[in-house]
Amino acid sequence: MVDRLQGLGVSAGTAAGPALRMGRPPQLPPPRSVTSSPTEQAAAREALDHVGHELAERAARATDPAARAILEAQALIAKDPLLAESCDSAVAAGLDAAHAVHCAFTQQADGLRAAGGYLGERAADLEDLRDRAVAWLLGEPMPGIPDPGHPFVLIADDLAPADTATLDPARVLALVTVRGGPTSHTAILARALGLPAVVACREALAIEDGTLIRVDGETGTITLNATPDTTAITHPTATVTFTGPGRTADGHRVPLLLNIGSADDLPADAATNVEGVGLLRTELLFLGRHDEPSLDEQREAYTRVLRALPGRRVVLRTLDAGADKPLPFLSLTDEPNPALGIRGLRTSRTRPEILDTQLEAVALAAQAADADLWVMAPMVSTAQEAADFATRARARGLSKVGAMIEVPAAALRAGQILEHVDFLSIGTNDLGQYAMAADRQCGELADLLDPWQPALLDLIALCARAGKGAGKPVGVCGEAAADPTLACVLVGLGISSLSMSRASVSRVGVRLRQHTLDYCSSLADAALAAPDAAAARAAASTLATRNS
Amino acid sequence: MPERTVTVASASGLHARPAALFVKAAAAQPVPVKLRIGDGPLADARSILAVLALRVEHGTTVTLSTGAEDGPAAHEALAALADLLSRDLDAEPANG
C-alpha cells in the first residue's frame, strides 16, 4: 500500500496513533436448521437482554447528558417485550436465533420507516440494536466505535449522530472517514470536540487496524507507517493557548466570535474571555416544538445569552427553518427540493406573526441587558426582502439590523442590500452549496463543497468590497472561518469579523497574529488566482508557511 | 375493568424522554397496564415501540387500563401512571 493518502481536511490539528476501523455490521451466515425451538428462543432473548444491559451500563457511565439520553432510549428499545415476542414467533416459524433476531428487528424498523417523521428516525436505532444482538449471537466483535483501552485514530465509512454521541475525545485522537464533506455531521462534531479530522478519503478503510498513522486535519494528508519523529501530537485545543482579542500582526482588529445555539454553549468564563457571539442560532428553542414558543419564553432565552456577555456583540439570527429543518407549528408541506424552498426568512411570507413575535422578544431582551445586540435574517435573496426585514426590526426599536448572505443573488447585489441594512454576515456553508449547485448532504460532491473554491471566494470578495464601499461591517459565520489559513485569506479579502465554534478560536487567533493585513491580502490574491480549490489551498498555505 | 383517563401534559407529547419515563414507570408496576386513545388499539405500556406508535401528542386524552387485573395493586398502578402523564415531563429537569 502507498504511504500517503489524501482526503479533505475539515478540522485543523495533527495527531498520530494506531488506526482502528469502526466495527462493521455482522454478516448473517446461511440459516441453520432448528432442533429445539425453546433453546433458540432463549438464546434470542438472552441476546436482547445482553444488548439492553450493555447499553444501560454505558448510559450509566456517560458523562454527557445528551449521550446518556440516547443510550438510555436504546436500552429501553432492546428490552421491549414486543421484540422478544416477535423473536419467539420467528423461531416458532423455523428460524434460528440469529435469523429470528434479524427478522424481528428488521420488521419493526421497516414499520417505523413507513410511518415516517419522528418514528422513521428511530428505524436506524433499531438496525443498530439488531446488529449488536446478531453480533453477540454469532460471537463477532460489537459493531460501533471500538474500545481497545488505548488512544487511537478512528477510521470509518461515515459517522452517524448515534455513533458520535458516545465518542470519547480522550480515547479518539482523530477522525478519518470515507464519506462526508466539509459541513457533514462528522466535520461539525470534530470541530466542536477539537479533534483533527479528514473526510472524503476514499481508500481509508484499506488502512489495516494497528497501523501507526499521522493525520493532518488542515491539509487532509494521512501518512501511513508514521515514524516516531512524525508522530508529535498537536491537539488543537490542548497545546494552543490564546487569549483574545483577534488581530493581525500589525494590529488590525478582527473580532473572533462564537457560533452558539443557546447560553449553554458559552464557556464559564464568557464574560471575560469571549469577544462576542457572531451567530446565535435560535432554532434550538423551536426544535421538536408542536407550538410556537411564547414571547416570554423567547425573551428569557435571549436575555440569558445577552446577560452573559455584558458590553459584547451578540448577533442573533432569526428563525432559520424550512422543509429541511422542519418545525411542526410552521406546518410546511413537503417540498421536492427543500434547500430551494420555503426556508429562513421565506417562512415569514405565510407566517409573518412568528417573525414579529420573535423580533418583539429580541427587542425586550435587548432592553433587559446591556450587550450590543445585532439581529439578522437568514436566506435573504433580494434587496427588497432585506428592506422589509429592516423595517420590521427597526419598528421594534432594534438598531443594528443585518442580512445573511447565503444566496448567490444576494452576494452579487450586496451593495444594494447594504443600502437597507447595517451589516452583512456570510454563511459560507449555504453560499457554497448554492454557488456550486452541490447538495451539502452529498458526500460524493465534497470537492465542490470545499470552502476554498475560488468561485466562493469571489462571492465573498464581492460582499467585502461592498462593505468597504458602504463603510459597514461584513463578517463570515460559516465553517470557513474555522480553518486558520482560510481565516487569514478571508481577512485579506476584507472580512471584518470571523465567527466559529469555540474549539477553533485559539488556532485561528494564533495564526492571524502571524501575518500582517497586507500579507493576508497576498494570501487572498494567491487563493483567488488559483484554478481550483486544492490549488487555492496549496498556494495560500505555501505562502503562509513561508511567513511563519 | 379498572380504567383511568388522563390528558397528556408533556410539551412534546409521548415522545423522546417523556415516553421513556412513562415506559420505565409502567415496567416497574406489578400489573401489566395498557394504553389507548379513545376506542383505538391497545398498546402495552411497557413497550416503548408500541407507545411511540400511538403518536400521542401534547393535550391528547388517553385511557390507561389493567384489563382483568383488579384490586389495590391495579388501582395504584393506574394512579401512579396517570399522575406521571398529567405532568409536563419536558419541563422537569433530568435527574443528574
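Predicted model: local features only at pLDDT ≥ 70, side-chain atom pairs only at ≥ 80, totals over all residues.
## Where the two chains meet

Let's start at the contact between the chains, to which chain B contributes 17 residues and chain A 15 residues. On the chain B side, helix 1 (16–27) and helix 2 (48–53) each supply at least two of the residues that touch chain A. Helix 2 of chain B gives the most, with 5 residues. Sorted by class, the side of chain B that touches chain A holds 8 nonpolar, 4 polar and 5 charged residues.

For chain A the mean pLDDT is 88, with 93% of its residues at 70 or more. One stretch of chain A to read with care is residues 235–240, where the pLDDT is below 50. In the model this stretch still has 16 contacts beyond near neighbours in sequence.

## Chain B, element by element

Chain B has 3 helices and 4 strands. Reading from the N terminus, its elements follow the pattern β-α-β-β-α-β-α. Of the 96 residues in chain B, 35% are buried. Taking contacts in chain B between residues at least 6 apart in sequence, 70% join residues at least 24 apart.

The 4 strands of chain B make an open sheet in the order 1-4-2-3, with antiparallel pairing. Strand 1 (3–7) and strand 3 (43–44) of chain B are the edge strands, each pairing on one side only. Strand 1 of chain B is joined to strand 4 (residues 61–65) of chain B by 5 bridges in the antiparallel sense.

## A buried strand in chain A

Now for strand 3 (residues 14–21) of chain A. This strand is largely enclosed by the rest of the structure, because 6 of its 8 residues are buried.

Which strands does strand 3 of chain A pair with? Strand 7 (residues 212–216) of chain A runs antiparallel to strand 3 and is joined to it by 5 bridges. Here A:Pro18 stands opposite A:Leu212. Strand 4 (residues 152–156) of chain A runs parallel to strand 3 of chain A, with 3 bridges between them. In that pairing, A:Ala19 has A:Val153 as its bridge partner.

## The nonpolar cores

The largest nonpolar core has 94 residues, and the members that touch the most others are A:Ala403, A:Ile460, A:Cys463, A:Leu490 and A:Leu498. Helix 16 (residues 454–470) of chain A provides the largest share of this core, 8 residues. Another core, of 58 residues, lies apart from it, and its members include A:Ala133, A:Trp136, B:Val8 and B:Leu52.

## A closer look at A:Ala466

A:Ala466 is found in helix 16 of chain A. Why does A:Ala466 count as buried? The reason is that 23 other C-beta atoms lie within 10 Å of A:Ala466, and the cut-off for a buried residue is 20 or more.

Beyond its neighbours within four places in sequence, A:Ala466 is in contact with A:Ala414, A:Gly415 and A:Leu418. A:Ala411 is 55 residues from A:Ala466 in sequence, yet their C-alpha atoms are 9.4 Å apart in space.

Terms used. Residues numbered from 1 in each chain as written. Chains lettered and ligands numbered in written order. Contact = placed C-beta atoms within 7 Å. Nonpolar A, V, L, I, M, F, W, Y, C, P; charged D, E, K, R; others polar. pLDDT = per-residue confidence, 0-100. Core = buried A, V, L, I, M, F, W, Y, C linked by C-beta atoms within 7 Å. Buried ≥ 20, exposed ≤ 12 C-beta atoms within 10 Å, placed from the backbone. Pairing = 2+ DSSP bridges.
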